[in-house]
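Here are some friendly notes to read with the model open beside you. Take the points one at a time, and look for each place as you go.

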Amino acid sequence: MVPGFGGSTLRIDLSGGTVTRAPLDPAFARAWLGGRGYVDKIVYDEVPRDADPLGPENRLVVTPGVFSGHFAPSGSKCCFGAVSPLTNGAGDSTVGGHFGPELKFAGYDLLVFEGIATTPTYLFIDDDRVELRDAAAYWGHGTMDAERMLKEDLGEDVEIACIGPAGENLVSFACIGHDYGRQAGRCGIGAVMGSKRLKAIVVRGTKALPVHDLPALKASTMEIMKRTAQHPNMAPWQKYGTAMFIGWSNEHGVYPAHNFQTTYFERHPGIDGQTLVDRLLVSHKACFGCWMNCGKYSRASLPGREAVYVEGPEYETGALCGGNCGFDQIEQVAYVNWLFDRAGIDTMTGGGMAAFAMECYEKGLITRDRLEGHEMRWGSIEDLEHFVDMLVERRGIGDAFARGYASAAAQIGGGAERLACQVKGQGMSGYDGRPAPGMLLSYMTADIGAHHNRSWTITMDEDLGKNVLTGKAKVVVHLQHIRPFFDTVSCCRLFWGEVDVSDEEHIAAIRMMTGWHDLTLEEILLLSERVWNINRAHYLERNGGPGRRFDYPNARFYEEEVPTGPSQGARLTLEDLDLMLDEYYAARGWGKDGNPSREVLLDLGLDTCVANLEREGLLGTLTEPLPPVRGERYKPKAF
Amino acid sequence: MSVKIQVTPERCTGCRLCRQICTIEKFGETNPRRSLLRIEALFPAPGRYVPHVCDQCGACADACPNGAISPQEDGVYVVDDELCTQCGACFDECPEEVLMEGADEVPYKCDYCWACTEVCNTGALVRAE
Amino acid sequence: MIAVTIKAGGLLTDYLRPDADAYSRRVEARDGETLRQILEAIGVPPGHVAVATANGGKIALDYAPRDGDEITLLPPVQGG
């Protein structure tokens, strides 16, 4: 029994209808920590390489992580992972809110689902009582409705993670919803849940969470609370949340407009954080134990439609469903946010897909006859509504879109794949990498495709030079180790990133929770690197090699110049991308083909990966000695 | 009544720091389920939180047949667990539904230790005298 | 002349030193000067400011502060 953790794990075989409890193995807990660590290790070990991500052999892994539930800066998160139907590699997504903590209070650190239920099912956890129950009454309902119905039936005091019709219908970028507006958004984990006919996980927990040294943790957290409450960044974050950066993103010319055709959206003031606060805000909404309360709960009315309540729009939604789709009114963006949330669709890939469809329509690559007589115009709510309908119900070309970018592009034809803004099938986050090459490299090399949470470099790109291609790769590598730390311990990065709570303070908190006095940052960074390489090996084992061929974005990003705005003229070539990849692979100890080398895998203790890759001829060859430490922390020179 | 916890519901963000600190202070454990105040969540509409705290109304004391709940000088009602016979009459009378039944079937109630007001960052719960 | 308090945390803090007290620094400026001009005068690159607020409300860099304003500067979000 490790203090800081809930103590138990559950294995749920949905085909057989059985639930098996086991204690959390302390050695496993220390080796893999939790969150992404558990997800990536378990799917690598257990999911056959030819298993269909939407089939019975895929695992759905749910894990709250060590921070969740504790009195500590933002211990709120829960990680959901599986082999992703979107990328065909290991995928994970983390949600805030209150679900992770409730799992901890019920005594659980890990749920692993396998198989497929014969009928719609939900898992009900009430401390030690764990039951698979009939979900027929909830199947087909949107995420917010399903949550409300389950709470009416089971009590207001439960926490719920559930899918909407998109997950039920296996849309490859379906998400998992929680607490009326938080999501585990990326990688299509909602579709994995839907493929298992698992509508929801409902949990009630009433146990005390074991803590190694609660008085010390309490004192430390109170000190951090008092200090950060006075930090200059705290008040704006509490008031505006992530949406306040819409203006900055535009002014710096990295904002996606009209499917990343350009990087400046003139009408952005209509959809930024101030406008949200002025026109939509109902409440500030916090995750468990968090005093930054960056969540914004909004009420939005569009003419001719009933008012909707939605959490957001957050920055990414304000970008990818905002200027990216040509919407210039915050009410419109909030409504689109609500449409996707209700259906259980990632607003990021959802917004990206919609924008892709809009550009294809504009260019005549898709015509009305393929849209059931409808159009798909920039900034049209009714067109987007209809598109989402076709997508969720998989009608006509909606089915191709539901399968993902490659499938949609193949159906559309005419070179549409150039316009599909993604890497490895994951829709690109709301920043354009042409004026920020380090960011583009981050998208190209992230294990889960074009997502920014692994490595975010826009500030460094500006600092070192927007045209500079070299010297950034090793920083990307380091960021890919430090940022996932937060995903393994299930803690929000904002206290670290925005109000100066240090790495060391987070590690100290974990020591107080667990009693792991010898835990160091170095150990955690090594774990992150280990997990990174496991995911790369997993990707190659599932998709073949060489790895390099998967690490490119669509051609827009190496053939087109940014036409307007503050980054007008920004342009990268394929040679530029190759230069960055070469430097990246060398920094990682991978071969020029993007395959991990025997040396780096052995250095990380990943003998199984060596054996697996060697058998398939997928080991990379080093042409220089392995760097003893991979990745370098960035010290801002200008700041 | 010389002291109270002033509640301004519009400021509540649902963070539950109050519930966390309550059980840490009163029971030495991390277990919001045992806390002596509760946060009502009105979602999806109207989209607000409403903290419910003990306002020392005395309804629980009135309901007690054994005089086990009584007010101190500052107006704060406290439970004498030696006088309590675990009859359970008090729980249903609490208008805020914040009287908690312990494992020993004795009621636990808020005694204005003020810890919740110290962690509430928004001013939803404020110590007032 | 007017006097305003400028506060900045995170990556911007260093620009306010050595005159800054923890996160804030009192700055004098001419009436009608914009925040952008004031920042340039005290050596804070306006381009490094992602969001600025005056007395809690968001402002643009061409805002002209008034005497006694409390200005907060945020660096760019550290991403995602």
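1. A word on what you are viewing. This is a predicted model, in which local features need pLDDT of at least 70 and side-chain atom pairs count only at pLDDT 80 or more, while totals for chains, interfaces and linings use all residues. Residues are numbered from 1 along each chain as its sequence is written, and chains are lettered from A and ligands numbered from 1 in the order in which they are written.

2. Now the build of chain B. Its secondary structure amounts to three helices and eight strands, where helices (H or I, at least four residues) and strands (E, at least two) are DSSP runs numbered from the N terminus. The order from the N terminus is β-α-β-β-α-β-β-β-β-α-β. Chain B has a radius of gyration of 15 Å, close to the 14 Å that the globule rule gives for 129 residues, so it is as compact as a globular protein of that length. (That radius is taken over C-alpha atoms, and the rule is 2.2 Å times the number of residues to the power 0.38.) The C-alpha trace of chain B spans about 40 × 30 × 30 Å along its principal axes.

3. How many of the 11 residues of helix α1 (residues 17-27) of chain B are buried? Eight of them are, and the helix is mostly covered. A residue counts as buried if 20 or more other C-beta atoms lie within 10 Å of its own, as exposed if 12 or fewer do, and as partly exposed in between, with C-beta atoms placed from the backbone. The cover over the buried residues of α1(B) includes α7 (214-229) of chain A, along with β2 (38-42), α3 (115-119) and β8 (125-128) of chain B. After α1(B) comes G28(B), with a positive phi near 65 degrees.

4. Next, look inside. A nonpolar core is a set of buried Ala, Val, Leu, Ile, Met, Phe, Trp, Tyr and Cys residues joined through C-beta atoms within 7 Å. The largest one holds 253 residues, of which V171(A), A200(A), V202(A) and A357(A) touch the most other members. A second, separate core has eight residues, including C60(B), C64(B), A68(B) and Y77(B).

5. Which chains meet? Of the two pairs of chains in contact, chains A and B share the most contacts. In contrast, no contact joins chain B and chain C, and their closest C-alpha atoms lie 14 Å apart.

6. Finally, is P45(C) buried or exposed? P45(C) is exposed, because 12 other C-beta atoms lie within 10 Å. You will find P45(C) in the loop between α2 (35-42) and β3 of chain C.

Conventions:
Contact = placed C-beta atoms within 7 Å.
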